[in-house]
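Here's a quick briefing to read with the structure open beside you.

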Amino acid sequence: EDLVGLNNLVANTAYLKAQHLDRSELRKHMLSLTLPRPKSLALHAAADSRYESLCEQQPIGRILFQQFLQTCNPQYEVAIKFLEELSIWSFAEDETKEKAKRSILAKFCQPESRHFLSFLTGENAKTCKELSCKNFDETMTDQLKEAARDFLKGQPFCEYLNSPSFYKFLQWKEYEKQKISDKNFYEFRTLGRGGFGEVHAVQVKLTGQMYACKKLDKRHLKKKGGNGLALVEKQILEKVNSLFIVNLAYAYANRTHLCLVMDLMNGGDLRFHIYELGERGIRMERVVYYVAQITLGILHLHSMDIVYRDMKPENVLLDGKGQCRLSDLGLAVELPKGKTICQKAGTTGYMAPEVLKQEFYRTSVDWWALGCSIYEMVAARLPFRDFREKVQNTEVTRRTLEDDCKFEHKRFDAATKDIISHFLKRKVEHRLGCRDSDPRSHVFFQNINFRRLEAGLVDPPWVPKSNVVYTRDTDKFVDTSEVQDIEFDDKDETFFKAFSTGAVSIQWQKEMIESGVFDQLNDLGPNGHNCGRMWT
Ligand code: ADP
Ligand code: MG
Ligand code: MG
């Protein structure tokens, strides 16, 4: 007992220390780093050469494009500055918003201003000149925003593709393709255990960035027929890019495991917060905030025709700032519009009637499960199953299909009862979230500004303590005896290869920027030329 306790203490200390690392320690490694020469200069002939991806979505691409515009032609710079200020205005509130608006009008819409948008032509030029405090709204600004982007997509983008800045981008892309292995990471304590292996905290050696690494045991996967599922989880994770879903940064394999390296969510899962911290249940203000973020996560998945199918507090994780994200997309499926499925999948207690009856379903099941989850966050029990109640799955199913949901807990207020009741409508066509009904307009969310929430601008109502490990202590023992005799064939190897795609662009580029590695390697010389070191 004591030894387990001591082991956990040591593991926690190392893990907490790593999170408070001093970045200057890393500089020495970076100094010896050089970017590789790009193997191909013809990236702009590739499928991924769209302006949106190269200059807007990929963080390094975005910075290099902006740097290029600033050194090139004053009109190019004006266009990008205009877009930047518009974006600030659109998320601002009250006085700041007024101020932003007046600044935009004075700077970009007055012909005598140095920053006048003189590249606009025809209708757009007219709109720009006519823009005033009175007619300044989304419609007008959206038109000018599109015009400015169209301008940048033309001549400036073409020039960029032939510039040293873009060459540098290709060098970063080459570096991004490096092979990833265990050697890239330090490993820390176990954070949790899943069906196919453990989740560990890890740290990238080069940047100091902390992540969570979900390790799937290859033999275990094969024995349980989980190969397909693991690949689907990986492919869906790398496709989504939302503040409310755990991001994938790397996918790689070692001899024994497939590894998914994701955002480290060190604030614990919501199940832990409901049941393991003091008084059971979560305070209403926090519940509303989490449910709003979860709703945005679910809507993001649905907008990509992905059904989550495993919505439950245990799969919602908090980060160090107290924001939550959906994780564990192992049961998620992609169902193109109009396509339905009747496979029974999910967790007992959260499964919708249509799943239990094995009827055809789509996104409706996630809203049902969200209703169950809100209920659980408030009452610390499920609508159709009491806390720690020993009850057969068939009985939970019967209750789900037949019983009314009761609200006995004192913390349920009218709005909460109402939103839960609407998520728990047995008929899909009556359920909130289905048939074009938008959960975001429910009174339960009356204090939530979804636009600002979506932009990450709403402060969390509760922040995890930075010196606490929000997860249960775990012992190290993993039983692998039952899978000793599994051997791999060519098909397995092909699958491992398809899984191990290395760094995921957007996440990886963010890591390079936030850790300072990008700046360190990207110093421009006095005339905007690259330092010699870059051109190895
Ligand atoms: P499974 O699909 O087998 O259920 P999960 O993806 O849910 O596996 O991971 C198992 C557990 O590991 C979770 O319940 C959680 O406690 C922990 N965990 C998973 N992902 C993360 C993460 N990104 N950050 C921190 N802990 C995590
Ligand atoms: Mg899970
Ligand atoms: Mg899973």
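Asn393 sits in helix H17, which covers residues 393–402. Is Asn393 buried or exposed? Asn393 has 12 other C-beta atoms within 10 Å, so it is exposed; the cut-off for that class is 12 or fewer. Keep in mind that this is a predicted model.

- Asn393 and Leu335 are 58 residues apart in sequence, and their C-alpha atoms are 27 Å apart in space.
- Gln358 isn't a glycine, yet it takes a positive phi of about 55°.
- You'll find Gln358 in the loop between helix H15 (353–356) and helix H16 (364–379), and it counts as exposed because it has 10 C-beta neighbours inside 10 Å.
- Arg435 is also a non-glycine with a positive phi, here about 50°.
- The loop between helix H18 (414–423) and helix H19 (450–454) is where Arg435 belongs, and with 10 other C-beta atoms within 10 Å Arg435 is exposed.

**The protein as a whole**

- The protein has 22 helices and 11 strands.
- Its radius of gyration is 26 Å, close to the 24 Å that the globule rule gives for 536 residues, so the protein is as compact as a globular protein of that length.
- Buried residues account for 35% of the 536.
- Take the contacts between residues at least 6 apart in sequence: 66% of them join residues at least 24 apart.

**The six-stranded sheet**

- This is an open sheet with antiparallel pairing, and the strand order is S1-S2-S3-S5-S4-S11.
- S1 and S11 are at the edges with a single partner strand each, so each has one side without a neighbour in the sheet.
- Helix H21 packs on this sheet, where it touches S2, S4 and S11, and its direction makes about 110° with that of S4.
- S2 and S3 run antiparallel and are joined by five bridges; Gln203 stands opposite Met210 in S3, and His200 has Cys213 in S3 as its bridge partner.
- Those two strands, S2 and S3, form a hairpin with five residues between them, and Gly208 in the turn has a positive phi of about 80°.
- On to the S3 and S5 pair: seven bridges join these antiparallel strands, with Lys215 bridged to Cys259 in S5.
- How many of the eight residues of S3 are buried? Seven of them are, so S3 is largely enclosed by the rest of the structure.

**Helix H21**

- H21 spans residues 505–514, and its buried residues are Ser505, Gln507, Trp508, Gln509, Glu511 and Met512.
- What covers the buried residues of H21? The cover includes helix H4 (59–70), helix H10 (164–176) and helix H22 (517–522), along with strands S2 (197–204), S4 (248–253) and S11 (502–503).
- Just after H21 comes Gly516, with a positive phi of about 90°.

**The three-stranded sheet**

- Another open sheet has three strands in the order S6-S8-S9, paired antiparallel.
- Its edge strands are S6 (268–269) and S9 (324–326), which each pair on one side only.
- S8, residues 316–318, pairs with S9 in the antiparallel sense over three bridges; Leu318 has Cys324 in S9 as its bridge partner.
- Helix H14 (residues 284–303) lies across S8 and S9 and runs at about 35° to S9.

**Around ligand 1**

- There are 21 residues around ligand 1, and the ones that come nearest are Gly192, Gly194, Val199, Ala212 and Asp328.
- Strand S1 (185–194), strand S3 (210–217) and strand S5 (257–263) are the elements that give two or more residues to this shell.
- Which element gives the largest share of the shell around ligand 1? That's S1, with three residues.
- By residue type, the shell around ligand 1 divides into nine nonpolar, seven polar and five charged residues.

Note on methods: Residues are numbered from 1 along each chain as its sequence is written. Chains are lettered from A and ligands numbered from 1 in the order in which they are written. This is a predicted model: local features need pLDDT of at least 70, side-chain atom pairs count only at pLDDT 80 or more; totals for chains, interfaces and linings use all residues. A residue is near a molecule or strand if its C-beta atom, placed from the backbone, lies within 6 Å of it. Helices (H or I, at least four residues) and strands (E, at least two) are DSSP runs, numbered from the N terminus. Ala, Val, Leu, Ile, Met, Phe, Trp, Tyr, Cys and Pro count as nonpolar, Asp, Glu, Lys and Arg as charged, and the others, Gly among them, as polar. The radius of gyration is taken over C-alpha atoms; the globule rule is 2.2 Å times the number of residues to the power 0.38. A residue is buried if 20 or more other C-beta atoms lie within 10 Å of its own, exposed if 12 or fewer, and partly exposed in between; C-beta atoms are placed from the backbone. Two residues are in contact if their C-beta atoms, placed from the backbone, lie within 7 Å. Two strands pair if DSSP finds at least two bridges between them. Axes are lines fitted to C-alpha atoms, for helices over the stretch in contact, and angles run from 0 to 180 degrees between N-to-C directions.
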